[in-house]
Amino acid sequence: MAFYSRFYYIFYLSLLMFLLIRLSSAQLSSDYYEKSCPKAIYTIKDAVTNAVAKEHRMGASLLRLHFHDCFVNGCDGSVLLDDTSDFTGEKTAKPNSNSLRGFDLIDTIKSQVEKLCPGIVSCADIIAIAARDSVAILGGPSWTVQLGRRDSTTASLSSANSDIPSPLMDLTDLITNFANKGFTAKEMVALAGAHTIGQAQCTTFRERVYNETTIDSSLATSLKSNCPSTGGDDSLSALDAATPAIFDNHYFNNLKKNKGILHSDQQLFSGGSTDSQVTTYGTRPITFAADFAKAIVKMGNLSPLTGTNGQIRTNCRKIN
């Protein structure tokens, strides 16, 4: 009975989130800035292209920034707000502190867009567009970004700490975490494929490297050289050592060889319900690319502020 109760809870929660997403996406449009700021899309792309050319890791950072924004009360740019004397933002949350990047680039892009069209383009939309462009530049799929989000005037440190999935989560908790945002297990696996690019800090995989048995021994030895049992917390290792700067499907083949760096990554291929999806994506790169694009469009539609809700920030780091 407990199993069925849990099943129906997740089913109805997913259905509710689906309906909310459909309602919110109906208020967004791909041509939102076509008349009000026609050069915005190209300006953002040029800035991202230049930044990623200088540092490939920035592409992964911008994609992660989009994810961490959307998973905390929706895609509203709240992740960009700085702390003040009477306001605590999300930057100091455990999943973000000393690891989330790209803020300066978003500031630069915002300044450029403000010169073109003052008070028109939101910071939340800039993040969404920058994430799409980053993936495409690194060889991944592109997708049509729905636009028209407005920026929040609040942030939630507590939600950032509770809603962003932890790299230490087991499969059951991961499925529940994503279901709470309206995603199926298949969509969760597709979104996890974002870890085909980017790097992870030693603190996020030290426990796995030194204490877990479901990790390839040669990989563990290699990671230990850059992540000692004590110290070196901020040392970085590529999430996909084979093609760290290319958005492809190698991540899934790594999991099949017990070469997932994070505990949460390897959980996707650990004898559980998502093994078959990992196998599919590992052998069908086109399927992965298509499913990833669909899932991230859905993520971009999580609870956006539209109409008269929120504001268009002049400075992404603070409310007007």
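At roughly what angle do the axes of helix H3 (residues 57–70) and helix H14 (residues 285–300) cross? Select both helices in this predicted model: the two axes cross at roughly 45 degrees and come within 10 Å.

Show the side chains next. On the H3 side, pick Leu 63, His 66, Phe 67 and Cys 70; they meet Phe 292, Ile 296, Met 299 and Gly 300 of H14. Coloured by residue class, the residues of this contact divide into 6 nonpolar, 2 polar and no charged.

The axes of H3 and H4 are 10 Å apart, and the helices pack at an angle of about 85 degrees. That value makes H3 roughly perpendicular to H4. From H3, the contact uses Met 58, Leu 62 and Leu 65; from H4, Phe 103, Leu 105 and Ile 106. Here the residues divide into 6 nonpolar, no polar and no charged.

Now zoom out and colour by domain. The domain assignment gives domain 1 as 39–164 and domain 2 as 171–299. Select the residues where they touch: 23 residues of domain 1 are in contact with 20 residues of domain 2. Between them the domains bury about 1,800 Å², with 70% of that area on carbon and sulfur atoms.

Last, colour by pLDDT. The average for the protein is 94, and 92% of the residues score at least 70. Where does pLDDT stay under 50? Select residues 21–25, for which the model has 8 contacts beyond four places in sequence. Where pLDDT is low, the predicted coordinates should not be read in detail.

Conventions. Residues numbered from 1 in each chain as written. Predicted model: local features only at pLDDT ≥ 70, side-chain atom pairs only at ≥ 80, totals over all residues. Heavy atoms only, no water. Axes fitted to C-alpha atoms, helices over the stretch in contact; angles between N-to-C directions. Helix = DSSP H or I, 4+ residues; strand = E, 2+ residues; numbered from the N terminus. Contact = heavy atoms within 4.5 Å. Nonpolar A, V, L, I, M, F, W, Y, C, P; charged D, E, K, R; others polar. pLDDT = per-residue confidence, 0-100. Domains from an automatic or database assignment. Buried area = accessible area lost by both parts, 1.4 Å probe. Parallel < 35°, antiparallel > 145°, perpendicular 65-115°, else oblique.
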